[in-house]
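Let's take a walk through a protein fold together. Have the sequence and the 3D view at hand as you read.

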Amino acid sequence: MPAGTIVGTSSLRRESQVRERFPDLIVKPLRGNLDTRLRKLDNEEYDAIILAAVGLKRLELSDRIKGYIDVQDSLPSAGQGALGIEVLEERSDLVSWLQPLSCADSTACSLAERAVSRTLGGSCQVPLAAYAQIVNGHIQVKGLVSEPDGSRVLRASGSGCVTNAESIGIKVANELLSMGANKILEKLLPNFKVR
């Protein structure tokens with residue numbers, strides 16, 4: 001996209017990564033439900049908007065998708081796309097019924113990503129990302145903390161045995177802290193404390 005293109009997103013995490021990679025673009029906040037966001041694009045308030053493709057597909061609006069952002073170019077939020085089912089403790093019968101829906105790889109990835117976020121006190125007010133995947137039987141975890149304007153982006157990664165998913169996520173978060181993530185987080189979250 002040419003310099004000066006106006007891009008809309010509702011995510012500080014996405015905004016910071018776009019600003020880092022494409023400083024000549026103008027990134028503006030994008031609010032409202034999906035229909036409102038698409039209408040703003042159609043009314044030329046934005047030249048492009050970034051949305052979750054799954055939402056558009058679910059609403060049978062796949063034709064509105066003009067491109068996809070690779071996960072390597074924009075890390076997602078921790079647990080993005082993961083589905084969790086909670087069951088009352090006294091309903092252990094439901095646990096066995098639901099067991100076929102459980103995916104060990106998805107669980108391990110979610111545990112690692114959530115460990116990054118939890119350790120860094122993740123919230124909607126923080127440009128924080130975490131992404132884990134299983135490759136050749138090992139888990140690979142990437143984490144990111146950035147200034148909202150993308151002027152400083154910290155990245156860390158770790159890998160190891162899938163059974164150590166959570167501890168690898170914590171290690172990635174601690175590496176980000178050692179790189180100075182706490183300074184960014186303290187500015188954005190006045191009550192930030194390392195967990």
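Which residue in β2 is the bridge partner of Val7? In β2, that partner is Val27.

Before going further, a word on how to read the model. This is a predicted model, in which local features need pLDDT of at least 70 and side-chain atom pairs count only at pLDDT 80 or more, while totals for chains, interfaces and linings use all residues. Residues are numbered from 1 along each chain as its sequence is written, and side-chain values use heavy atoms, leaving out hydrogens and water.

## The overall picture

The protein has 7 helices and 6 strands. Here helices (DSSP runs of H or I, at least four residues) and strands (DSSP runs of E, at least two residues) are numbered from the N terminus. Starting at that end, the elements follow the order β-α-β-α-β-α-α-α-β-β-β-α-α. Taken along the principal axes, the box filled by the C-alpha atoms is roughly 50 × 40 × 35 Å.

Of the 195 residues, 36% are buried. Buried means under 20% relative accessible area, exposed means over 50%, and partly exposed lies in between, using a 1.4 Å probe and protein chains only. Contacts, meaning heavy atoms within 4.5 Å, can also be sorted by their span in the sequence. Among contacts between residues at least 6 apart in sequence, 51% join residues at least 24 apart.

Two strands pair if DSSP finds at least two bridges between them.

Strand β1 (residues 6-9) pairs with strand β2 (residues 26-29) in the parallel sense over 4 bridges. To get from β1 to β2 the chain passes through α1, making a right-handed β-α-β crossover. Right-handed means that, with the strands pointing away from the viewer, the path from the first strand over the helix to the second runs clockwise. The pairing of β1 with β3 is parallel too, over 2 bridges, and Gly8 stands opposite Ile49 in β3.

## Salt bridges across the chain

How many salt bridges does the structure hold? There are 7. A salt bridge is a side-chain nitrogen of Lys or Arg within 4 Å of a carboxyl oxygen of Asp or Glu.

| Pair | N to O distance |
|---|---|
| Arg155 and Glu20 | 2.7 Å |
| Asp73 and Arg21 | 3.5 Å |
| Lys187 and Glu147 | 2.7 Å |

Arg155 in strand β6 (residues 153-161) and Glu20 in helix α1 (residues 12-21) are 135 residues apart, so this pair links distant parts of the chain. Arg155 is partly exposed, at 42% relative accessible area, and Glu20 is partly exposed at 30%.

Asp73 sits in the loop between α3 (53-58) and α4 (92-98), and its partner Arg21 is in helix α1, 52 residues apart. Asp73 is partly exposed at 31%, and Arg21 is partly exposed at 41%.

Lys187 in helix α7 (residues 181-188) and Glu147 in the loop between β5 (138-146) and β6 are 40 residues apart. Here Lys187 is exposed at 57%, whereas Glu147 is buried at 13%.

Which residues of α7 are buried? They are Ala181, Asn182, Ile184 and Leu185. Seen down the helix axis, these buried residues fall within an arc of 160 degrees, so they line one face of α7. The arc is that of the directions from the helix axis to the C-beta atoms. They pack against β5, β6 and α6 (165-178). On the other side of α7, Lys183 and Lys187 are exposed.

The largest nonpolar core has 24 residues, and those touching the most other members are Leu120, Ile139, Val141, Val145 and Leu176. A nonpolar core is a set of buried Ala, Val, Leu, Ile, Met, Phe, Trp, Tyr and Cys residues joined through side-chain atoms within 4.5 Å. At least two residues of this core come from each of α5 (104-119), β4 (128-135), β5, β6, α6 and α7. The element that gives the most is α6, with 6 residues.

Finally, find Leu176: leaving out residues up to four places away in sequence, Leu176 touches residues including Leu120, Val145, Leu154 and Ala181.
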